[in-house]
Structure formats: structure tokens, C-alpha cells
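Biologist: I am new to this structure and would like to go through it step by step. Could we take the questions in turn, starting with a pocket?

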Amino acid sequence: MPSEPSCEARRLIARLRFRHLQLLVELQRGGSLRAAAAVLNLTQPALSKALGEVEASFGFALFTRSARGLATTPRGEIVVRGAAMLLQELAHLGAEASAEPAVTLLRIGAPPFVAQGYLPEVFARLVGEQARVRVQLMEERVPLLVQALLQGRLDALVTSYPTEMPEAAGQPLHYERLFDADFTVIAPPGHPLGRARRVDWPRLCRERWIMPAPTSMVRRMMDEVFRSAGLMAPVPVIESTSPVTNLRLVAAGLGLSAVPASTLDSAGASGVMRVRVHPPIPAGPVALIHRTGTDNPRLGLLREALGLPATV
């Protein structure tokens, strides 16, 4: 059962409307009363009055005014982020309630290798034969997934993550480790490194490489592996985010790559050769990640499909 709202929450509930939330989001997006007024079809005086009412409800300034326009204060940043999340949740509620028949709409984010190699079985348990649950999957790089989660556009992530990932602007995230993902260096068919009994990183550094984008988790992991060996990571001849695409590019003889072992197992080896690297690439943790402090019943469904207790 949800807890009773505090006195502060009851006061805000009594004073604020959803149009106030939209006002705050548009003011931050446009950076001026004029830009927000045009989007909301209001006059600037009416918008200024409404902003004053919102700030009075909170009891502190949400924006600073200057000749350059409006900028959120540190407290205003937190309020606007919360307003955007509430608007996202309202849109989500409308999508769920208007579906025929009514369904639970679960929004999940995952990097491609998790989505392709691990989530199909999870989704099979989620959807089942009743089809009372619909899933929206966002396949993206981890930084973009975290941003979408913090903005309220996703309910949870099933993703690899850096162990140093910080709490974001007052929104602590809950991490629940699921498993460790293994990674494998692969070479084109017939490549001499695929037949070698042991290959070190200085030898690999002289090869042509296919790697994900610099901001991706796998790329950062590879950079760290080369750095630990006292080497500069090679500049890739091709950058491609999808592990399956990288596997195909290696199979076409375009270079070496590192892919999750699950991708190699699920997509088929396609003639590529595993390289016996020493030291091996460290395994990377994969976790269920969601915002703390939110009472989201959709998370219970996902947790059960992952084989976890329904509640944290």
C-alpha cells in the first residue's frame, strides 16, 4: 500500500496542476518566457503570473532571471526533472488505460547484447499466453539508457554498468546484480590468431579492429584492457554499436572485435574464430537498475520474470 503523503506533499497537491508541470518543463526547454508562451499558447504576463504561483507553492525560486533569459536554480533543476517524470507517467497511464483490452505497459531499456542474448526468455515469461503485458524495449548505449530512466521514460534497465556509476542529481538508483557477462575476442575465418594457442595484448594491438562507439560500455572496457597492458588502444577501422553487426563484419574479414559470449552463442559463429587471449577480458556485471523511492507496480512483474522476489 502506498504511504500517506506528507503535509508538504498535500500542500503541493492542493495547489499544483498538471499545466503547471508542463509550464516548468517548457520554461527550461525554451529558456525564456517568450519561447514557453508560444508553445503553451499563453501571453507572457499570464505565464509570468503562473510561474510566480508555482514558485510560491514551493516556497523558493525555481528560475533565475537575467537579460539572457531563464535558468533553473539547483532546486529548480530537481523540481523540473520531477515535473517531467510526472508528465511521462501521466502519458504512460493514458497509454495503458486506453489500450483494448487494458494492459500493463512495461518500458525496459537494455544495451543490444543484453536485449539480443538474454531478454527474449525474460520477455517470454513476461508476456505469456494472456498477453496482458506489453513491453516497449529501448536498445541503446548505457549513458542514453540511464538518461531515459532518470527522465521517467523507462521503468527499469537490464544492463551492463560501470561500478563507479554515480547517483544522478539527487536521484539514487537501485542496482541488483543479475549475472556477469563474458566477452570474447573474435577473428575472421582462417585468421592466424584464431589458430594460436595463446595471444597477448601487444600482438592484438597491431591488428585492425572493429569496435563500438567510444561512449559505449564495451569500448570503455576494451580501452581499459589495453591500458592495463601498458598499451594505447588501437583506433578502430570501423565503429559499430551492435554486437551482431560486429560479428558479421568480422566474418567478412574486416578486422577483429570483442563481442559478448552470449552474442556469439545466440547469433551463431558464422565462421569467426575465437582468439585465446591472455589475460582474458574481465567479465562485466549486468544488473537490474531502477529509480529508488518510486512505488512502481510494473517493476514487480519484471522482477518475477527475472526470477527475483516481487519486491526489493
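Biologist: How do the residues lining the second largest pocket divide into nonpolar, polar and charged?

Modeller: This is a predicted model, and in it the second largest pocket holds about 640 Å³ of space. Its lining is made up of 35 residues, and those nearest its centre are Met-217, Val-218, Arg-220, Met-221 and Gly-284. Sorted by kind, the lining residues come to 23 nonpolar, seven polar and five charged.

Biologist: Which element gives the largest share of the lining of that second largest pocket?

Modeller: The elements that contribute two or more residues to the lining of the second largest pocket are α6 (112-117), α11 (217-228), α12 (243-251), β10 (257-260) and β12 (284-291). The largest share, seven residues, is given by α11.

Biologist: β10 also belongs to an open sheet of three strands; which strands stand at the edges of that sheet?

Modeller: The order of the strands in this open sheet is β10-β7-β11, and the pairing is antiparallel. Strand β7, residues 183-187, pairs with β11 over two bridges, and Ile-186 stands opposite Arg-274 in β11. Because each has a single partner strand, one side of each is left without a neighbour in the sheet, and the strands at the edges are therefore β10 and β11 (273-274).

Biologist: Over how many bridges do β3 and strand β4 pair?

Modeller: Strand β3, residues 104-110, is mostly covered, with six of its seven residues buried. It pairs in the parallel sense with strand β5, residues 156-160, over two bridges, and there Gly-109 stands opposite Leu-157. With strand β4, residues 133-139, the pairing of β3 is also parallel, and Arg-107 stands opposite Gln-136. The number of bridges between β3 and β4 is seven.

Biologist: Is Arg-303 buried or exposed?

Modeller: Arg-303 has its place in helix α14, which covers residues 297-305, and its side chain reaches the backbone oxygen of Pro-309 at 2.6 Å. Buried means under 20% relative accessible area, and because the relative accessibility of Arg-303 is 3%, this residue counts as buried.

Biologist: Turning to the whole protein chain, what percentage of its residues is buried?

Modeller: The secondary structure of the protein chain comes to 14 helices and 12 strands. Of its contacts with a separation of 6 or more, 69% are between residues 24 or more positions apart. Among the 312 residues in the protein chain, the buried ones make up 45%.

Technical notes. Residues are numbered from 1 along each chain as its sequence is written. This is a predicted model: local features need pLDDT of at least 70, side-chain atom pairs count only at pLDDT 80 or more; totals for chains, interfaces and linings use all residues. Side-chain values use heavy atoms; hydrogens and water are left out. Helices (H or I, at least four residues) and strands (E, at least two) are DSSP runs, numbered from the N terminus. Buried means under 20% relative accessible area, exposed over 50%, partly exposed in between (1.4 Å probe, protein chains only). A polar contact is a pair of N or O atoms within 3.5 Å; within protein, one must be able to donate a hydrogen and the other to accept it, and residues adjacent in sequence count only if both atoms are side-chain atoms. On a 1 Å grid over the protein atoms alone, a cavity is a set of points where a 1.4 Å probe fits but cannot get out, and a pocket is an open set with protein on both sides within 12 Å along at least five of seven lines; lining residues have an atom within 4 Å of a point. Grid points are joined across faces, edges and corners, and a volume is the space filled by probe spheres set on the points. Ala, Val, Leu, Ile, Met, Phe, Trp, Tyr, Cys and Pro count as nonpolar, Asp, Glu, Lys and Arg as charged, and the others, Gly among them, as polar. Two strands pair if DSSP finds at least two bridges between them. Contact means heavy atoms within 4.5 Å.
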